[in-house]
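Student: Could we go through this structure together, one question at a time?
Tutor: Gladly, let's have a look.

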Amino acid sequence: MDKVIDIEERIPSLRDRRKKRTNRKFVALLLIFLTLLAVLLYSQSKYSEIQTITIEGAVLFNQKSYQAASGLVIGDSMWSFDTRAVAQQLEKLEWVEKASVKRNWLTGVEIDLKEYVQMGYLDRGNSYQIVLSNNLALKQPVTVIDGPIYSNFDDEKKRGKLIDQLAEINPEVLQLISQIILDSKEKDADFVTLYMNDGNEIHGILSTLAEKINYYPSVIAQLEEDQKGIIDMEVGIYFRSYADAYGFAEEAPEDETAEEE
């Protein structure tokens, strides 16, 4: 026979359940209220504003220039911008290969830049322009240079061919190049003359420059000490001393000069 439960016994249990449900609702509403209040207070405080903007990888231009290009301003809301949109804005700069933007904690923004590599300097007569690995010649002229000079390479297509060749040259050879001059009078082929930092001169053809000049270290290793001259790389590879090439008279040793006197 089923046990009959008096309604009086069920009332306290129902009351407790109702009370617990009410308490849970109250706690949930209180948490929502406190969260909204915290968000409101945060949005009105200085802790929701950009306080620092750090930029890494800026070489070609200063950090102020890049910050202006990003559109970010100290004091703006930390949540008023899209990081990817800012990165895309920076990548529109012709000299920027890649950019990334991220929020750093609550009040900082960090920008990482990858600029195109600086390859050398375009000779403009009275000034020089930085040439980048994407064949861009920056408009801002420079007076101090610390890399190879490219003369007669105003034509973008020929300069592009040069950049492609330089990208294939071994770094240890590339750093020895002081100047590259394109023979502007020759129409059949792009003959170039290279002046090296160690005093030698190279004659070559632009289309085969990288292939030939990578042998440069082994060529000069076969020369006598302090022997300088022209290394012809137009067809084969052979060396001529400056005395043979230009008819310079070799200096007589000091002891022989003394005997003649």
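Below are some questions and answers on this structure.

Tutor: This is a predicted model, where local features need pLDDT of at least 70, side-chain atom pairs count only at pLDDT 80 or more, and totals for chains, interfaces and linings use all residues. Residues are numbered from 1 along each chain as its sequence is written, and side-chain values use heavy atoms, with hydrogens and water left out.

Student: Is Leu 31 buried or exposed?
Tutor: Leu 31 is found in helix 1 (residues 7-43); helices (H or I, at least four residues) and strands (E, at least two) are DSSP runs, numbered from the N terminus. Buried means under 20% relative accessible area, exposed over 50%, and partly exposed in between (1.4 Å probe, protein chains only). With a relative accessible area of 51%, Leu 31 is exposed.

Student: Why do the buried residues of helix 3 line one face of the helix?
Tutor: In helix 3 (residues 83-91), the buried residues are Val 86, Ala 87 and Leu 90. Seen down the helix 3 axis, they line one face because they fall within an arc (taken from the directions from the helix axis to the C-beta atoms) of 100°.

Student: Which residues does Glu 94 touch, not counting those up to four places away in sequence?
Tutor: Glu 94 lies in the loop between helix 3 and strand 2. Glu 94 and Tyr 116 are 22 residues apart in sequence and 8.7 Å apart in space, C-alpha to C-alpha. Counting contact as heavy atoms within 4.5 Å, Glu 94 touches Tyr 116, Asn 134 and Leu 136.
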